[in-house]
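Please view the sequence and the structure before reading on.

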Amino acid sequence: MSLGFPSSVRFLVKSLADFVYPPVCYGCDTEVEEGLVCEGCRLALFTHELAVCPRCGRPCTRTAETCGQCRTPFHLSRVRAVGTYAPPFDKLIHAFKYSGKTKVGELLGRALAALVQQDEVLLAADAVCPVPLHPARLRERGFNQSLLLAAAVSMTTGMPLVELLVRTRYTSTQALKAAPEDRLRNVQDAFRLRTDARVAGQRVLLVDDVMTTGHTLDQAARELLKGGAASVLGAVVAAAHAGGPS
Ligand SMILES: [Zn+2]
Ligand SMILES: [Zn+2]
């Protein structure tokens, strides 16, 4: 955060802070010489070894055809995740989302873009669209993490970045801790198409930071399909194990 000090002062403050608190990896707290993450976490971000269910994007065993827990109907035809919602991904997302570490966000954006670029189906989408935040939540947080991630995907792949949806339902953080049934109710009809959205015949790639139960992505996709989208795909930084953190 810039407090309006000249850069020399900021540099001095940063050097002092580094001296007192040596830089640690944002993903696992290991001390690092420089940069945001250690080699291990960088490797986790840029090798996509995770097997995900081709129907709903949940992590699943490599040999299984699907995770066996797909929601039906699930409105996305394919979802990919960089990793599971576990270390280091949970820590990195937290640093980005709640501590406003935009540099960490840029790193996650690059990792997500690299994943999309390696996936022929996702790469064939016509446009990339972030899952929107409710305006009240946007005011609280100051930025939409999904928009920043989608912008990174757009920049790397050349896919146009489009904001097709608005979020009409405000979900309190309390509700986010609620039981799965309540969570479903909280995202039902949470989205509507923007009046100027042109989605007819489009293959839309939805981007979000985390997929937990999948309801949020599902509801957003349903709205896009209702608007005439040809198909909806998904890319997220982390997917939670079924029954994991919601
Ligand atoms: Zn690390
Ligand atoms: Zn599945």
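Strand E2 (residues 127–130) pairs with strand E5 in the parallel sense over 4 bridges. Two strands pair if DSSP finds at least two bridges between them, and both helices (H or I, at least four residues) and strands (E, at least two) are DSSP runs, numbered from the N terminus. The model is a predicted one, in which local features need pLDDT of at least 70 and side-chain atom pairs count only at pLDDT 80 or more, while totals for chains, interfaces and linings use all residues. Residues are numbered from 1 along each chain as its sequence is written, and chains are lettered from A and ligands numbered from 1 in the order in which they are written.

Two helix pairs are compared in the table. Axes are lines fitted to C-alpha atoms, for helices over the stretch in contact, and angles run from 0 to 180 degrees between N-to-C directions.

| Helix pair | Axes come within | Crossing angle |
|---|---|---|
| H4 (residues 102–117) and H7 (residues 145–157) | 8 Å | roughly 50° |
| H3 (residues 89–97) and H4 | 7 Å | roughly 130° |

Angles under 35 degrees count as roughly parallel, over 145 as roughly antiparallel, 65 to 115 as roughly perpendicular and the rest as oblique. H4 and H7 are therefore oblique to each other. The angle between H3 and H4 likewise makes H3 oblique to H4. In that pair, Leu92, Ile93, Ala95 and Phe96 of H3 meet Val104, Gly105 and Leu108 of H4, where contact requires C-beta atoms, placed from the backbone, within 7 Å.

Most residues other than glycine have a negative phi, and most peptide bonds are trans. Asp29, in the loop between helix H1 (7–20) and helix H2 (39–46), has a positive phi of about 70° although it is not a glycine. A cis peptide bond, with omega about 0°, joins Pro87 and Pro88, and Pro88 lies in the loop between strand E1 (78–84) and H3.

Terms used: Two residues are in contact if their C-beta atoms, placed from the backbone, lie within 7 Å.
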